[in-house]
Amino acid sequence: MGDPETKRKRYCLMCNVFKPDRCHHCSACNRCILNMDHHCPWVNNCVGFWNRKFFLLLLFYALCCLYFVDVTMLDTFISTVQWHLQAYYHELDLKELAIVCLHDVTYLFALFLTFILTKFAYFHLTLVRKNMTTLESLEHKGTDYESAVTVAFATLSRSSTLALTIICARCSAGTRVCG
Ligand SMILES: [Zn+2]
Ligand SMILES: [Zn+2]
């Protein structure tokens, strides 16, 4: 009935301490993380109770940069695409073509990152609204942290957000989450 006395106490065998609710042990950090969201390989740290705000701010600033690049480079991208179309009818300077192709590929990559990160940020804002963590979200879907990579490919087509989350989890090379 929600009485703390009746709740099962959880014990971390690695840290030798009782774990509070919503606390998980991260093998990469080798310590228990309060309100653990996930171990982020990009910042090489766990995202949890004390730094989740800064993780969300990182997403916000990254998205601001990406949208700035997308908007300001759009004109140039259109020009280079037009140049490509015209190039079909003219002799090409291969060196110049390579530079233009590099620009186009970089811009398309920025668009791709914008799409993925927008969905990723929306996913995390939804979790914040529901007062959940990524781990709790995976548990809620019946997916544990370790078998999540299997789900990644299955969900890639309908949810790049979850896939990115899981890929992040797997990128942290053998990170184990206990309890
Ligand atoms: Zn621990
Ligand atoms: Zn960690």
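## Contacts along the chain

Of the contacts in the chain between residues at least 6 apart in sequence, 49% join residues at least 24 apart; two residues are in contact if their C-beta atoms, placed from the backbone, lie within 7 Å. This is a predicted model, in which local features need pLDDT of at least 70, side-chain atom pairs count only at pLDDT 80 or more, and totals for chains, interfaces and linings use all residues. Residues are numbered from 1 along each chain as its sequence is written, while chains are lettered from A and ligands numbered from 1 in the order in which they are written.

## Confidence

The average pLDDT of the chain is 81, and 71% of the residues score at least 70; pLDDT is the predictor's confidence in each residue, from 0 to 100. Confidence is highest in helix H1 (residues 52–72), at a mean of 97, and lowest in helix H5 (residues 148–155), at 49. Where pLDDT is low, the predicted coordinates should not be read in detail.

## Elements and burial

The chain holds 6 helices and 7 strands. Helices (H or I, at least four residues) and strands (E, at least two) are DSSP runs, numbered from the N terminus. Their order from the N terminus is β-β-β-β-β-β-α-α-α-α-α-α-β.

Of the 179 residues, 16% count as buried. A residue is buried if 20 or more other C-beta atoms lie within 10 Å of its own, exposed if 12 or fewer, and partly exposed in between, with C-beta atoms placed from the backbone.

Helix H2 (residues 74–87) has 14 residues and reaches 20 Å from its first C-alpha to its last, close to the expected 20 Å at 1.5 Å a residue. The expected span is 1.5 Å times one less than the number of residues in the helix. The number of buried residues among the 14 of H2 is 0, so H2 lies largely in the open.

Strands S3 and S4 run antiparallel and are joined by 4 bridges; two strands pair if DSSP finds at least two bridges between them. Histidine 24 stands opposite isoleucine 33 in S4, and histidine 25 stands opposite cysteine 32 in S4. The hairpin has 4 residues between its strands, and asparagine 30 takes a positive phi near 55° there.

## The nonpolar core

The largest nonpolar core has 10 residues: Cys26, Cys32, Ile33, Met36, Cys40, Cys46, Val47, Leu135, Leu138 and Val177. The elements that give two or more residues to this core are strand S4 (31–34), S6 and H4. A nonpolar core is a set of buried Ala, Val, Leu, Ile, Met, Phe, Trp, Tyr and Cys residues joined through C-beta atoms within 7 Å.

Cysteine 46 lies in strand S6 and is buried, with 26 other C-beta atoms within 10 Å. Leaving aside neighbours within four places in sequence, cysteine 46 is in contact with Cys26, Cys29, Ile33, Met36 and His39. Cysteine 46 and cysteine 29 are 17 residues apart in sequence, with 7.2 Å from C-alpha to C-alpha. Methionine 36, not counting residues up to four places away in sequence, touches Cys23, His24, Cys26, Cys46, Gly48, Thr133 and Leu135.

## Loop residues

Asparagine 44 sits in the loop between strand S5 (38–40) and strand S6 (45–47). Its phi is near 50°, a positive value in a residue other than glycine. Asparagine 44 counts as exposed because it has 10 C-beta neighbours inside 10 Å. Asparagine 131, in the loop between helix H3 (94–129) and helix H4 (134–140), has a positive phi of about 55° although it is not a glycine. With 9 C-beta neighbours inside 10 Å, asparagine 131 counts as exposed.

Proline 20 is in the loop between strand S2 (17–19) and strand S3 (23–26). Proline 20 has 12 C-beta neighbours inside 10 Å and so counts as exposed. From proline 20 to leucine 34 is 14 residues in sequence and 7.6 Å in space, C-alpha to C-alpha.
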